[in-house]
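I opened the notebook to look up a few things in this structure. My entries follow, in the order in which I went through them.

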Amino acid sequence: MSVPESELLEERNRRWDEPFGDEPLDAATVAYILSLPAFVNVDPAEFQAWLPLDQIIANDGRLRRYQPGEVILRKGDYGSSLFVILEGGVLTVPDKIETDGQGQAPKRGVSWRRSIAQLFASAKPPEYRSTRRRWRGRAAPVSPSPAPSGLGKIDIDDVKKRHQTITLQPPDVFGELAALTGRQRIATVIATQQDTLLFELRWQGVRDIRTCSTRFRQHIDQLYRERGLVGRLRECPLLHHLDEQALDEIATESLFETYGNADWMHRFKRELQADASRVIEQETVICEQGDHVDGLLLINRGFARVTERVDYGEQAIDHLSVNDVFGLDEINAIAAGEAGVALKASLRAIGYVDIIRIPTKLACKYVLPALSAHLRNDRRVLASSEPAALKMQQDMMDFLVDHRFINGEQAMVINLDRCVGCDDCVKACATAHDNNPRFRRHGFSHQNAMVVNACMHCTDPVCLIGCPTGAIHRDENSGTVLINDGTCIGCATCANSCPYDNIKMVDIRDKTGAFLLDSDGQTISRATKCDLCVDQLTGPACAQACPHDALIRIDIRDSRKLLSWLG
Amino acid sequence: MARLSSMFSRGAAVNLALVSAAFALFVLENWRRDIGLHDFQFFNGWTLVTCIVVMMLLTWRKKVVILPLGRVRFWLLVHYYVGFLTVAVFIVHTKYEFPGSLLNWLLWSLFVLVSVSGLLGAAISKILPPRLEAQSERILFDRIPLFRAQLAAQAEAIARESVQDGNTRSIARLYMDTLSDFFAGPRNIVAHLAASKVPQSRLLGQLSAIERYLDDAGKDRLQKMRDLVEAKSNLDFHYTNGGLLRLWLFVHVPATYALLVAIVVHVVLAYAFAAGTIV
């Protein structure tokens, strides 16, 4: 057997430098996949020459084989791919299930030995990248891995007894909702038959086929509406108590609505530089104070601002995110027999919002009967009984909402009352990233809080949307937004999209410190940002290193924790 | 008062109680060795060295920040509280007396320098950040010289413009006499340390005094100059207080290493001249 020859690779990354599987799928497999109902109507002529359909399938797809009881997907994990069943069968369970292995795949490359070696490694030039070698020759085709998921096994009969399940057979499709939205999986999926064979298509492939092919888009969107909507409704705490039949009825009657502009970040950055207090003016009004009540609005994706008219302006009184509802008080009043009920506040789209509008009659029928119990658990009701120090002041709320920091799940916040400016956080970040700090100790501040220019690992990471290669992605387990340096082509789409300027483009260098140049003599760029030190034993080194407890990584929407920490 | 209460929270009280208990144990053991006719100076000397080594762990922890050995915050607290214990053990070790030899005076002085600088550092680390935050938006310390140069250039441009543009000389004269020096570098360090605004008020007063001689265009320039003076004063405040937050370490750390060297010499000499002593 000949040893595959290799070549030095000092060139820009390309779309399929790293196929999804160990190897791209062969032509026969690609042809078989394209004959499946999900793809049979996709017209290859609709695709650009540089992005052919068969190459997408070959490089962005892989085959995976599972044994009975093996968990394929786990509810709550961040999804990034769609599955098509080729052989065997699977069971979907709308609940999170404990598995024997508990499924957390070990962090790759994280060990004491590696960390110690990193500490004592000789200093490298800034943004050094080792020269890579790409195998030209093809290795023998790799058979689908026998135990690929690492998510553990469970007893199928036990699951069937204890949970509501749905069986899927070839050539059904699943996982499309998370693959399209980058959100958490809404169900657990388990293989039920021997040697269940699945075709898995990673999200960038799904996105490209959906963009180019009208038929595929219609097919996937239809699946999303048929199955995804019920799943979404089931996720809403306000509807937890409902059975499948009631959820189906709501799904059939409800409307999907979209407000705002998916491209909001560019205009937002301009507005922010001009005057943050005027950002509200560009937010699309979803419904206005005084309007008649037209259903219960459930936030499906994105953020919305609740405002009240004060003199000649609008005062933000709350902000809503996924699973929050608007209009419940008013519907309650209608059900109580009040006449002439109108909306008490306005709702505005912060950037881009998906809304599910549940008809008033269904809200009265299904939501209100369980309302009293839910209200007891409602955070906004609880908030009124919190100590004054833990209530968000108007100016702080305006600051966080106007700058859209509420998107941040792991925002870096510095307490300026405690920060001595020692820069130990920056030094620790540099230590964790081969002397390349991934943030600047600088950012917008209000009172004693500074939200630092470091990736916030957003709930809706808009930086992911335009990435041509899918190099910027979410970690399946943690949801951390990461950049795959091996597939980043340096196009800066993510850096330009980030509304917070938290992604930095850098020119990479060789071991002598000289810039690496491509065949045209141009420097080669890569996108870099905070990765929450995923490859370190400690988690975020910045928070570890702060001697004065002046730095925290925090979900900005956890206002109670934020305010108590700020003091 | 609120700050005082936060500094002496329940956690701090527990930690101080633990330190007190450790010191009581130390005193008890020291006394036991004393009445047992052992040379307790070796015991309390090595206890002192151990405490100093434990305090040094903070420095080493910072260097291996990517290893999961507890947050640096924890190690700083250990540093603080073991520091209190160390001072107490040191006083016992010196037998409550001043030193009697040159080397011991050096050792004693270095220890006092390290302890006092450490205590001052801990205090200013608590006091100065809120003061900086209350003053205005935090400024990155390393960028202050750049901002200062920009302000100086703007001030000079206003002064030149006032002469070139008409008959007014007052602004240029004041600039030459006073303001050029004010913008040239950090000024009024002591006043900023005391959070005093007197020097700034004096400068603004001098600017106000020439307002009556100016036309409308001159008054506009004067207002811009006032803004620049306030901005520069603010910059000096950040430079002074931010600098102090860094400067104390330049005393504390080198003095610590000098102390370590002196300790090694002291230990060697102590053993060299301790022949026949019951250790």
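How much area do chain A and chain B bury between them? I read off about 2,400 Å², with 59% of it on carbon and sulfur atoms. Buried area here is the accessible area, taken with a 1.4 Å probe, that two parts lose on being put together, summed over both. On the side of chain A, the residues that lose the most area to chain B are A:Leu119, A:Val420 and A:Gln544, together 21% of what that side buries.

Before going on I noted the ground rules. This is a predicted model, in which local features need pLDDT of at least 70 and side-chain atom pairs count only at pLDDT 80 or more, while totals for chains, interfaces and linings use all residues. Residues are numbered from 1 along each chain as its sequence is written, chains are lettered from A and ligands numbered from 1 in the order in which they are written, and side-chain values use heavy atoms, with hydrogens and water left out.

**Entry: the interface**

I looked up contacts, meaning heavy atoms within 4.5 Å. On this count 34 residues of chain A touch 25 residues of chain B. I then found nine residue pairs in polar contact between the chains, both residues at pLDDT 80 or more. A polar contact is a pair of N or O atoms within 3.5 Å; within protein, one must be able to donate a hydrogen and the other to accept it, and residues adjacent in sequence count only if both atoms are side-chain atoms.

Which element gives the largest share of the side of chain A that touches chain B? It is helix 4 of chain A, with five residues. Helices (H or I, at least four residues) and strands (E, at least two) are DSSP runs, numbered from the N terminus. I sorted the residues on this side into 15 nonpolar, 13 polar and six charged. Nonpolar covers Ala, Val, Leu, Ile, Met, Phe, Trp, Tyr, Cys and Pro, charged covers Asp, Glu, Lys and Arg, and the others, Gly among them, are polar.

**Entry: salt bridges**

A salt bridge is a side-chain nitrogen of Lys or Arg within 4 Å of a carboxyl oxygen of Asp or Glu. In one salt bridge, A:Asp423 meets B:Arg246 at 3.8 Å, N to O.

B:Arg246 also forms a salt bridge with B:Asp142, at 3.5 Å between the closest N and O atoms. B:Arg246 lies in helix 10 (residues 216–272) of chain B and B:Asp142 in the loop between helix 5 (102–135) and helix 6 (144–164), so the pair ties together parts 104 residues apart in sequence. B:Arg246 is partly exposed at 24% relative accessible area, whereas B:Asp142 is exposed at 55%. Buried means under 20%, exposed over 50%, and partly exposed in between (1.4 Å probe, protein chains only).

A:Asp60 is in helix 3 (residues 53–60) and A:Arg202 in strand 10 (residues 196–202), 142 residues apart. Are these residues buried or exposed? A:Asp60 is buried at 0% relative accessible area, and A:Arg202 is buried at 12%.

**Entry: a sheet in chain A**

I traced an open sheet of four strands in the order 2-10-4-8, with antiparallel pairing. Two strands pair if DSSP finds at least two bridges between them. Strand 4 (residues 81–87) and strand 10 of chain A pair over six bridges.
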